[in-house]
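Here's a quick briefing to go with the model. Have a look at the coordinates first, then read on.

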Amino acid sequence: MDTVLSWIIFMPLLGMALGGVLRASLNLLRLLAFGSSLLVLALALALAWHFDADAGMQFVMIAPWIKSYGVTYYVGVDAFSLILVLIIALLMPLLYLYMYREARHGYWYLMMALQTGVMGAALSLDLMLFYLFWETMLLPVFIMIGRYGSNNHPFYAMKLLVMTVFGSMAMLLSILYMGYGFYAEHGFWSFALSDLAQDSHGALVAAGFLLAFAIKIPLPLFHTWMAGSYGSAPTPAVVIMSSVMAKLGAYGLWRFGFSLFEGSLHHFEPYLIALALFGLLFFALHAVMERDLRRMFAYSSGSHLSLIALGIMIQNHYGLSGALYLIATHALASAGIFLMIGLIFARVRTLEIAQLGGIAQSAPKFAFFFAFFALCIAGVPGTGGFVAELLIIIGAFEYGLATGVLAATTILAAILFIFWMLQRVLFGPQSRQTEGFVDLGAREVAMLAPLVLLLLLSGIAPNLFTPLFEPSLALMLGGRP
Amino acid sequence: MIYELFLILPMMLIVLGALMLMLLSHREAPLNRNMLSVLILALAFGLTLSRLGEAHSVFVFEAIFGRSFIVDSFSTLFDLMILGGAMLTLLINHDYFKSRHYFDGDFFALVLFAVFGMMALSHAHELISAFISLEIASLSIYALVGYNSDNPKSREAMMKYVVLGSLAGALFMLGLALIYGATGSTELGAIAAHIAAHPQDAHTMLIIGGFFVMVTLFFKIGAVPFHAWVVDVYHGAPLPVTMLMASTFKIALFAVILRIYLGDFAALGDFWSLPLQILCVLTLIGGSFLALSQSNIKRMLAGSSVVHAGYMLIALNAITLGNFNASESILFYLMSYFISSVGAFGILSFLAAHEHKQLTFEDFKGFGYSHPYLAAMMSIFMLSLAGFPSTIGFLGKFYIFTGAIEAGQIALAALGIFVAFVSIFYYFRLIATMYFYDTPKTEQHFGFDTTTVLILLMAILSIWGGIGTALLPYLPTPDALIELSRHAITSLD
């Protein structure tokens, strides 16, 4: 059972290596991709089944890596990383379903490499290992945007790379500094999270980490790569960026913020909350003004990630569980919406909102799914998004009246741009481009249906999911309300 | 006596081999001189390898040479690196040698002489013999740089290198004279004893002399502000010579730098520290600008080699501040830089041999589609040079930056990391060029031959060096390399 996490991490890489060695044909490659992702899904479900919600870190595996500096291969899963693991494991087969007809071999290889990268980042508990996965997961995305993207893509690929690497380099410096601090105090080297968490670390060290996460999430002021990269990336890369990598930024804020920087985080707390509140509104306004569908949802995604960051930073029970819930539901919903945007682009070759319209007339199934995901993102009752946003708003009110009022009102901005967008894209007269818009096929329905079911389930019966992480939250918050 | 002969046998082999190649150089009958010189190097390598792990410290032929040549575990490791480096350089350029007409017998004789000079440099325990070894290596390399006399660039490069290099050599002599004047000896042990016997503030002349010596060595490794020659010389020289200079020669230079810093000048660390820090900052920043502004891959790699020298200066500075552990990180970094840069240059030489390209960024547009496997390996080397995690280059930087932080040099470590971030840009520019543009050319495949197999080997080493773990038994890991370096350093104390 120890090695199950390693299998989950490295299975896709194995598939990729196998494909490369065998010089796989397209069919074999597709088989390898599906096979590895389905195996990972099965393992992840088994993991969730055997997961003990009361036990903290589980399925731990430690092996030496660089002995002279105490760097280890150290992986483990707790409630929070389990959520990410499940999301990644679920999304990958769906993405493969989306790109079923993709004939470019490189695409499949990159996706498999990407899965290993994000999975590793979600599961590693040694800081050097985390840094390794954190950096390497960027590479496939970089090449996918630059190679398969559109609209000035080489530029945006480079911009994404340069900005995120800048953040992670700051994190690296912090990691090295903490490692040395541990050595100076205890006389031996270690980069394990559990070891480093024993010492307290200063605000500057925390700043290195925060910079990396703020760029990855992205919080406003650190977001300039976002719209361009989302706008030019191919659909699977967008889905991974918005549903997984951005969530990994929030995950990092949680995982390291609350273990390493318990004390020093207080320095940043008011600024981060202000930034998150500002981001909520700022990104929502950007989304309202945006003319391109994909860029609009890039900003919408930014707005929701600010909400997640807010939920994490207010540090009370409602806020944290709401943030967790929103991470899961927003990952599913935004995956759905970006997949459907990809479908629109494949059908009409444009994403300019002004040139769309009237899709509902010729493609009712399409309109239903699209509207469902959009409403879920807006947080309409009955969908998972509602539960999550409600929890965070309650948390925000508990934190302070002003914060609560601001959070609650700015969320309404999402309603504004979502409904206006729906009106312009789905309804009204058909434009020249959307005439004879082809409705969803069976494969496409199969790809979207699991997301819809999960979102409905999480909206109607949140009690099915909360027991997974409630005990860990209670444990973490300890005496706090 | 016999034992001492055995100890210097590898060096003798190289000299004899060089002489033999010279005598054979005008033989009419076809002769694979490349393989012959590789064979000689391999013999010497094998002999040296058999001594690896022994911690002896012997002054060879003390009655004749005094204490000027030493054989210890430090020099053994450096000999191995130099011999291995030269061997790989010759082998990986196999195709290139065949494609150019001007590589005759003398070329390989000169390479062997250069290797002899480098080995002698790592054994030198006295400044005059160090100078002589340095000049043996340098003179051979001057000639090698200008070897393609049909190419005006090559001639220009040689001229530049000879003039500036001789000037630097003269400074070494001046420094040496000052040191001799101050201490009455040029032997490292005696200098160290002199420093120990006198108060700290009585060493003005010695320190000035030491600076002059250092200037020469820093000139040779291309530290800013002594870097004016680097890009032009690296660009003008034939590719195999560029590789030899960028990797193997640098290894030899660090052998003597480390021996001086860890040996006799260690007590004066405080005086070196500040100038070294300034040099370090200048080298890191200047080198980055140099690398950023190039449009030719060879020149870009040349510029970035200055930056890599800067990283090693960070570690050197940590040594002067008393963190002797940092010397291991220099050794590791030399190996890691060697592996990735030889791989990258190897691909360039392979392309130059087969396709006669100019090797600008433009030429690499769509390279990922016309040459998928070579492009993948080139990407690995670029990642490794940029210090991306999961490659050996990352571990090299990891050791260096950790060592700097250990020595209290957080600002320098931060600057190093920032420069590594800048380097992402120019290394990834090549990756982006290779993959982001279409090419009208069809896919080309090359079979396995000496060059491609070695490039592949370097790529595997780059990855293995970065992620190889202690999980798999019986395989050497990065840990083993660091252990080896640690063992080598012990003989200096």
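What share of the contacts in chain A with a separation of 6 or more comes from residues 24 or more positions apart? It's 79%, where a contact means two C-beta atoms, placed from the backbone, within 7 Å.

Keep in mind that this is a predicted model: local features need pLDDT of at least 70 and side-chain atom pairs count only at pLDDT 80 or more, while totals for chains, interfaces and linings use all residues. Residues are numbered from 1 along each chain as its sequence is written, with chains lettered from A and ligands numbered from 1 in the order in which they are written.

**Overall build of chain A**
- Chain A has 20 helices and two strands, counted as DSSP runs (helices are H or I, at least four residues; strands are E, at least two) and numbered from the N terminus.
- Along its principal axes, the C-alpha trace of chain A spans about 70 × 60 × 40 Å.
- Of the 481 residues in chain A, 59% are buried (20 or more other C-beta atoms within 10 Å of a residue's own; 12 or fewer is exposed, in between is partly exposed, with C-beta atoms placed from the backbone).

**Where chain A meets chain B**
- On the chain A side, 29 residues are in contact with 25 residues of chain B.
- Two or more residues each come from β1 (58-66), α5 (127-136), α6 (138-148) and α7 (153-186) of chain A.
- The biggest giver is α7(A), with 14 residues.
- That side of chain A splits into 22 nonpolar, four polar and three charged residues (nonpolar is Ala, Val, Leu, Ile, Met, Phe, Trp, Tyr, Cys and Pro; charged is Asp, Glu, Lys and Arg; polar is the others, Gly among them).

**Cis peptide bonds**
- Ile217(A) to Pro218(A) is cis, with omega near -15 degrees, and Pro218(A) sits in the loop between α9 (203-216) and α10 (226-232) of chain A.
- Over in chain B, Val224(B) to Pro225(B) is cis with omega near 10 degrees, and Pro225(B) is in the loop between α10 (204-221) and α11 (230-236) of chain B.

**Positive phi without a glycine**
- Arg23(A), in the loop between α1 (4-22) and α2 (26-50) of chain A, isn't a glycine but has a positive phi of about 50 degrees.
- Arg23(A) is exposed, with 9 other C-beta atoms within 10 Å.
- Leu221(A), in the loop between α9 and α10 of chain A, isn't a glycine but has a positive phi of about 85 degrees.
- Leu221(A) is exposed, with 12 other C-beta atoms within 10 Å.
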